[in-house]
Amino acid sequence: MINSRPRKYLFTKGLDQYFTDVYKAYKFVIRFFKEAFHPPFHLREIINQCYEIGVKSLPLITLTGFITGIVFTKQSRPSLSEFGATSWLPSLISIAIVRALGALVTALICAGKVGSSIGAELGSMKVTEQIEAMEVSAINPFKYLVTTRVLACTITIPILGLYCGFVALMGSYFSVYTNESTSIVSFFHNGFSTITFLDVFSSVIKSIVFGFTIGIIGCYKGYNAVHGTLGVGRAANQAVVLAMFLVFIEEVTIVQIANWIRYY
Amino acid sequence: MEKNDTITNAEPIISIKGLYKSFGELDILKDINLDVYKGENMVVLGRSGSGKSVLIKILVGLLPPDKGIIKVLGNEVNKLSGKELDALRLRIGFLFQSSALYDSMNVRQNLEFPLTMNKKNITKQEINTAVEEVLDAVGLKDKMEQMPSDLSGGQRKRIGIARTLILKPEIMLYDEPTAGLDPITCEEINKLIREVQKKYNTSSIIITHDLTCAKITGDRVAMLLDGKFVKVGKFDEVFESDNEEIKSFFNYNFIQ
């Protein structure tokens, strides 16, 4: 006979909860990799999610990227002109955008827009029993909902990152052009002369990592939402906060690795 | 229902023996034993939070039991592999309390989804026929292109039933089918449950605390109190029980 028993903790309640959460997240990520490489692949749903995540984020990415390019150029110009080095502006801006800003700005926007949307969508599906409804219809909800969304994020966010970089450079050129009549060919020639393959490669790798992080965090928080509508809001909020935090940690780590490769 | 006296001699389609389930320190189900026979509608009556929904979630493998043997259509549920469990689930229809319709899909897509995901070689024509047939069965053919948010509570329940019927289940599990509905809609849903039983020859477990629903839809009633079945039998037998807790449950419901 099972009776009421006092709960025993290995450490303290909070620490036990923390380690349990970390273990659950680890199992979630492992399950993603198991499911992602086994059929069925739900290609139609992946394409649908790529459209939702990628195409529908384009206006926001375009606006933010363009403004980032303009603002960064306007802020850098006075410092460079003090040393009479305004001709270095395209190179400086290109390095900043290609190495860091393009991928980072895209990731932060997507963490806010896509991460919260995935967290809220899956969270509301969880609390309204829609995920269980899939399970009892012999449909694997993890594969259909989580795997497709994480893959779509991992595919589209690097593309958005490259696009954001391009738009930011156009914004930068626009800012430069309003001050001096530099041709677009000259601007890009000057800018790209300092860009190496490693810069582009590390930026794409970074975007892939960011995309995966945003997707998996949004799905994890949504898929494990509890406590009704309160839990849905909490899942969306935590998806954004945790994804942004991890994006910054990953940015620092990948920059360190890229610099180590670049200089040694 | 008269046929009960004969069907109880047959092999049960659902058999639960010595089932225990607890959540943390809270013991929900304690030594549950129940048999449901082919073609029978079994109503599980009990107070809110008494573990009725937990019981049917264990039957489809959504929750694991702590202890006990649960056999559904001859399969021991907690010993099945993932694929075997999926195969079993295709033979069981589950109506959730909230209907659990997919918000991002319209009615047609909600009904098509289980079919297209489980039957790879099905043609568009076959899907259309199946969708029209189940919508006709629940009397909502005209709502095919509507979104779930545009439907009333009763209509959502009906579409939920239609979505389970599209896979032609042998067993139906209804979780509070009349909860939150007005008396007239409740009566329609009760009738629909009986029609489904006749037309699709299903066996069902109906979870409810609604006595009218229990009386109309149930061939037998099992009274769940404090994690145990205190009485199983025809509605009138349970209703006329001398057990004080059962009496107070019935009296309170009628006063309500």
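The largest cavity is lined by A:Ala133, A:Val136, A:Ser137, B:Arg89, B:Ile92, B:Gly93, B:Phe94, B:Pro114, B:Arg163, B:Thr164 and B:Leu167. A cavity here is a set of points, on a 1 Å grid over the protein atoms alone, where a 1.4 Å probe fits but cannot get out; lining residues have an atom within 4 Å of a point. The volume of the largest cavity is about 90 Å³. Volumes are the space filled by probe spheres set on the points, with grid points joined across faces, edges and corners. Two or more residues of this lining come from each of α5 (130–136) of chain A and β6 and α6 (153–165) of chain B. Strand β6(B) gives the largest share, three residues. Elements are DSSP runs numbered from the N terminus: helices are H or I over at least four residues, strands are E over at least two. The lining holds six nonpolar, three polar and two charged residues. Ala, Val, Leu, Ile, Met, Phe, Trp, Tyr, Cys and Pro count as nonpolar; Asp, Glu, Lys and Arg count as charged; the others, Gly among them, count as polar.

The model is predicted: local features need pLDDT of at least 70 and side-chain atom pairs pLDDT 80 or more, while totals for chains, interfaces and linings use all residues. Residues are numbered from 1 along each chain as its sequence is written, chains are lettered from A and ligands numbered from 1 in the order in which they are written, and side-chain values use heavy atoms, with hydrogens and water left out.

A search of the whole structure finds two cavities of 30 Å³ or more. The largest share, four residues, comes from α6(A). By class, five residues are nonpolar, three polar and two charged.

The second largest pocket holds about 960 Å³ of space. A pocket is an open set of points with protein on both sides within 12 Å along at least five of seven lines. It has 31 lining residues, and those closest to its centre are A:Arg44, A:Glu45, A:Asn48, A:Tyr144 and B:Phe113. Two or more residues come from each of α2 (43–53), α4 (89–127) and α6 (141–179) of chain A, and from each of α4 (107–118) and α5 (124–137) of chain B. Helix α2(A) gives the most, seven residues. The lining divides into 15 nonpolar, seven polar and nine charged residues.

Chain A has nine helices and zero strands. Its C-alpha trace spans about 85 × 45 × 35 Å along the principal axes.

Chain B contains an open sheet of six strands with mixed pairing, in the order β6-β7-β8-β3-β9-β10. Strands pair if DSSP finds at least two bridges between them. The edge strands β6 (92–95) and β10 (228–233) of chain B each have a single partner strand, so one side of each is left without a neighbour in the sheet. Neighbouring strands are turned by 15° against each other on average, direction ignored. Strands β3 (residues 41–46) and β9 (residues 220–225) of chain B pair in the parallel sense over five bridges. Within this pairing, B:Val43 has B:Val221 as its bridge partner.

Another open sheet of chain B has four strands, paired antiparallel in the order β2-β1-β4-β5. Its edge strands, β2 (26–36) and β5 (75–76) of chain B, each pair on one side only. Two bridges join β4 (residues 67–72) of chain B to β5(B), in the antiparallel sense. B:Val72 has B:Asn75 as its bridge partner in β5(B).

Helix α2 (residues 52–59) of chain B lies across β3, β6, β7 (171–175), β8 (203–208), β9 and β10 of chain B, at about 150° to β8(B). Helix α2(B) also lies across β1 (14–23), β2 and β4 of chain B, at about 120° to β1(B). Axes are lines fitted to C-alpha atoms, for helices over the stretch in contact; angles run from 0 to 180 degrees between N-to-C directions. Contact means heavy atoms within 4.5 Å.

The contact between the chains takes 29 residues from chain B and 21 residues from chain A. Chain B and chain A bury about 2,200 Å² between them, 57% of it on carbon and sulfur atoms. Buried area is the accessible area (1.4 Å probe) that two parts lose on being put together, summed over both. B:Glu25, B:Tyr102 and B:Met117 supply 23% of the area that chain B buries against chain A, more than any other three residues.
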